[in-house]
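I shall begin with the core, continue with several individual residues, and end with the pockets.

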Amino acid sequence: MQQLLAMPLLLRWALTLAFLGLIVALSVAPGKSQYGDSTFVWLVEHTPSLVQNIMHVACYAGATALLAWSLEGIGSRTARVALAAILALLIGTVLEWYQTQVPGRFGTILDVALNAVGVGLGIVAALLLL
């Protein structure tokens, strides 16, 4: 575990940005598949609500912890984790708003709340691990 936590900063950011890119891709995929769409769009459309809710929590917990891990240049652990939490909440809120513009998708307050629960779990994970 110590080797993972000591990974070079550039690699940390690469992993963090790749994970955030996955969240963005999941968030902006259309909610209704059409002929010619990728399998990914079909999977997003057919993912059960319970699984989607669990994914909100897990993804934003992971995003918060990864951001805190990548922000090591900030000397204060508290400030680093707080900034990571604010960034993750901001990303989640903006993506929920953007979903109101995506065909077949709906940005909801429940999803923002689930993202916030995930951020809370990510704060706990970051404080325990970093």
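**The core**

The largest nonpolar core has 15 residues, and of these Ile23 and Tyr60 touch the most other members. A nonpolar core is a set of buried Ala, Val, Leu, Ile, Met, Phe, Trp, Tyr and Cys residues joined through side-chain atoms within 4.5 Å. At least two residues of this core are supplied by each of helix 2, helix 4, helix 5 and helix 6. Helices here are DSSP runs of H or I with at least four residues, numbered from the N terminus.

Please note that this is a predicted model, in which local features need pLDDT of at least 70 and side-chain atom pairs count only at pLDDT 80 or more, while totals for chains, interfaces and linings use all residues. Residues are numbered from 1 along each chain as its sequence is written, and side-chain values use heavy atoms, with hydrogens and water left out.

Which residues does Ile23 contact, leaving aside its neighbours within four places in sequence? They are Cys59, Tyr60, Ala63 and Leu95, where contact means heavy atoms within 4.5 Å.

**Individual residues**

Let us turn to Leu95, which is placed in helix 5. Leu95 counts as buried because its relative accessibility is 9%; buried means under 20% relative accessible area, exposed over 50%, and partly exposed in between, with a 1.4 Å probe and protein chains only. Not counting residues up to four places away in sequence, Leu95 touches Ile23, Val24, Ser27, Val28 and Tyr60.

Is Leu90 buried or exposed? Leu90, also a residue of helix 5, has 51% relative accessibility and therefore counts as exposed. Its C-alpha atom is separated by 17 Å from that of Ala18, 72 residues apart along the chain.

In helix 2 we find Thr16, which counts as buried because its relative accessibility is 1%. The side chain of Thr16 makes a polar contact with the side chain of Ser70, at 2.6 Å. A polar contact is a pair of N or O atoms within 3.5 Å; within protein, one must be able to donate a hydrogen and the other to accept it, and residues adjacent in sequence count only if both atoms are side-chain atoms.

Ala61 belongs to helix 4 and, at 16% relative accessibility, counts as buried. Between Ala61 and Ala125 there are 8.0 Å in space, C-alpha to C-alpha, although the two are 64 residues apart in sequence.

**The pockets**

The largest pocket holds about 480 Å³ of space. A pocket is an open set of points on a 1 Å grid over the protein atoms alone, where a 1.4 Å probe fits, with protein on both sides within 12 Å along at least five of seven lines; lining residues have an atom within 4 Å of a point. Of the 19 lining residues, Leu26, Val44, Gln52, His56 and Arg105 lie nearest the centre of this pocket. Helix 4 gives the largest share of the lining, 5 residues.

The second largest pocket holds about 160 Å³. Its lining includes Met1, Trp69 and Leu130. Helix 1 (2-5), helix 4 and helix 6 (109-129) each give two or more residues to this lining.

Thank you for your attention.

Key
Grid points are joined across faces, edges and corners, and a volume is the space filled by probe spheres set on the points.
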